[in-house]
Amino acid sequence: MTADFPRHPGLYFYPMGFPLTPDMDIDGLLVRAHQFDPQALAQLHDQLYPQVYRYVAYRLDDPQACEDISSEVFLRLLDVLKKKAQTVLSARAWVMGTANHLVMDYYRKKYRRKVENLDNHNHLSDHPSPEGETESKMIHQEVRDAMLNLTDDQQHVIALRFSQELSLEETAQMMGKTVNAVKVLQYRALAALRRQLDRRLK
Amino acid sequence: MTQLLELYSLFENCLARLNTGEDLETILAQYPQHAAELRPLLTAALKARKPGGLLRIPASAQIDSRTRFLAEAHRRQSRPKSFFPRLSFAGALLSSLVLLFAGIFGTGFASADTIPGETLYPVKRVVEQAQLALTTNQGSRLNLEEEFDRRRVAEAEELEQKGLTESVKVAGRLEVLSDETWTVAGLKLNLTPEQVAIARTLTGSYIEVIGQIRGEDGIEVESLELRLFTFSGTLEAIQDNEWTVSGVKVLVMEFTQITGEPQVGKRVDLTTLHYDEDYFLALTVRVTGGSSSNEPKETNKSGKNSDKPVITDSVNDQLEATKVPTKTPEPKESESTREPEETKRPDSDGDNKVTETPKPTETRQPTETPD
């Protein structure tokens with residue numbers, strides 16, 4: 001039950017999901033980011049931002065909250081960077097994990113305030129959009145709502161795998177789990193999602 | 001289990017093929033024996049897949065976020081670094097000590113020989129407290145406390161000789177002379193009849209007396225109680241009733257109240273009496289945690305007890321037997337307790353961790369999940 005990709009001690013960052021120019025030294029980038037070198041920080045941000053944003057947008061239907069949360073993830077990354085460099089075993093796994101927690105916090109607060117009825121999605125039609133797009137948006141909202149009844153890990157695994165089609169290995173790395181553990185987790189997550197969706201249809 | 005694992009792997013294959021755009025029915029046709037099981041899950045997967053390919057990232061959002069990120073980084077870096085980064089209690093103490101000592105060296109340890117009532121006397125006491133707080137070795141800390149107790153006695157003796165009146169707090173062995181004169185560490189005590197009754201139960205014990213010294217008339221006693229020494233350390237050895245805690249020898253008797261399961265290597269908090277030159281007698285032992293190789297945690301500065309040990313009659317009897325009679329002491333507020341520095345978040349599972357998943361905030365699930 002070992003992961004299918006190598007581990008590296010100390011500071012390391014996996015350049016998996018995005019293209020890197022050959023001369024870009026990702027280790028060097030993180031070392032410089034640790035020293036708060038603005039250029040390195042900007043590069044790091046721009047490389048990670050799209051994934052974070054997609055992940056958060058997958059889970060919430062609120063563009064403003066999505067921007068806020070994505071941005072907050074990076075502010076928190078500064079805390080980690082500032083401490084010892086080796087705490088950033090994988091900056092990407094860290095930002096995605098943090099995005100997950102912030103999304104969960106967002107929903108918790110929303111429940112607490114009871115500001116909005118979750119089944120009320122009138123704002124979906126705020127902007128006129130083609131028929132097909134509206135429908136797929138509705139479906140996705142249905143999935144989002146159903147997901148809220150899943151466990152934290154189940155929600156995280158679904159969002160990682162389906163917000164941007166991350167591979168099994170990448171997902172395992174981001175969740176700090178083995179590939180086999182993720183296989184089991186995603187199977188159960190989708191079974192649970194299926195049950196929730198069925199329940200909503202009734 | 002292997003069958004299940006196969007199913008999970010099969011499911012993963014199907015997911016991967018769905019992602020490449022293959023048709024659900026085509027995929028399922030290849031696994032007729034699992035089709036019924038996989039179909040609902042794969043349909044859910046199709047629904048869960050974000051429609052319309054990869055989401056386009058609003059450029060303005062990314063730029064805004066980057067600007068905030070860099071501005072915050074700049075703000076944090078340009079913030080003047082404090083002389084002691086992440087100033088801790090010990091750090092603060094150390095810095096004030098450095099200043100204090102600088103001052104003291106300058107005046108040739110002027111405060112060292114002061115007695116109560118003199119201007120520099122409070123300085124002497126502050127230095128002592130700081131010394132105690134900075135001594136992490138439990139054995140030397142207790143020695144230091146006793147050394148300070150002896151200083152208090154010496155000060156009182158000086159006050160006595162000079163015929164001065166001052167408030168004092170002295171600790172030492174309580175003795176009664178043949179002419180019914182009560183003394184602590186050789187200092188004469190003036191006791192009320194009620195206090196004499198208490199004193200009888202404490203004869204021979206290491207006690208603490210608070211009162212007013214009036215020259216040669218001795219100390220007019222306000223209170224007398226057992227002197228308690230509290231400290232914490234790592235339990236290093238257990239030999240019969242003789243324990244070693246961070247180098248300090250402690251006697252553990254039948255009346256000793258033990259909380260938790262003491263094992264060699266574990267950390268313990270102790271409330272003890274000064275038994276004799278070599279031993280402390282434990283009244284309470286509290287096992288506070290697992291094995292620790294760290295330096296002993298700081299205990300409260302005054303060495304005074306913050307948990308009031310309950311001394312029952314049977315305890316009294318046994319104390320009698322060990323020639324250390326007692327009374328229930330008044331608890332003293334501990335002067336300082338220190339929060340442990342940052343605690344590391346324990347990993348939530350023992351899985352083969354590939355990366356450290358961060359937990360910046362505690363999260364709970366919004367709702368219960370029937371799984």
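Trainee: How many helices and strands does the secondary structure of chain A come to?
Mentor: This is a predicted model, and in it chain A has eight helices and zero strands. Along the sequence, the pattern reads α-α-α-α-α-α-α-α.

Trainee: What share of the residues of chain A count as buried?
Mentor: Chain A has 202 residues, and 58% of them are buried. Chain A exposes about 8,700 Å², of which carbon and sulfur atoms supply 52%.

Trainee: And its contacts, what share of those join residues at least 24 apart?
Mentor: Counting contacts in chain A between residues at least 6 apart in sequence, the share is 66%.

Trainee: Turning to confidence, what is the mean pLDDT of chain A?
Mentor: The mean is 77, and 72% of the residues of chain A reach 70 or more.

Trainee: Where in chain A does pLDDT stay under 50?
Mentor: One such stretch is residues 1-24 of chain A, for which the model has 55 contacts beyond four places in sequence. Another is residues 115-127 of chain A, with 16 contacts of that kind. Where pLDDT is low, the predicted coordinates should not be read in detail.

Trainee: What happens just after α6(A)?
Mentor: There A:E165 takes a positive phi of about 50 degrees.

Trainee: A change of topic: where is B:R76 found?
Mentor: B:R76 belongs to helix α4 of chain B, which covers residues 59-78.

Trainee: Is B:R76 buried or exposed?
Mentor: B:R76 counts as buried, because its relative accessibility is 15% and the cut-off for buried is under 20%.

Trainee: Which residues is B:R76 in contact with, leaving aside its neighbours within four places in sequence?
Mentor: The contacts of B:R76 are with A:F36, A:L75, A:L78, A:D79 and A:K82.

Trainee: Which side chain does a polar contact of 2.8 Å join to that of B:R76?
Mentor: That contact joins the side chain of B:R76 to the side chain of B:E72.

Terms used:
Residues numbered from 1 in each chain as written. Chains lettered and ligands numbered in written order. Predicted model: local features only at pLDDT ≥ 70, side-chain atom pairs only at ≥ 80, totals over all residues. Heavy atoms only, no water. Helix = DSSP H or I, 4+ residues; strand = E, 2+ residues; numbered from the N terminus. Buried < 20%, exposed > 50% of the residue type's maximum accessible area, 1.4 Å probe, protein only. Contact = heavy atoms within 4.5 Å. Areas by Shrake-Rupley, 256 points an atom, 1.4 Å probe, with all protein chains shown as cover. pLDDT = per-residue confidence, 0-100. Polar contact = N/O pair within 3.5 Å; in protein donor to acceptor, adjacent residues only side chain to side chain.
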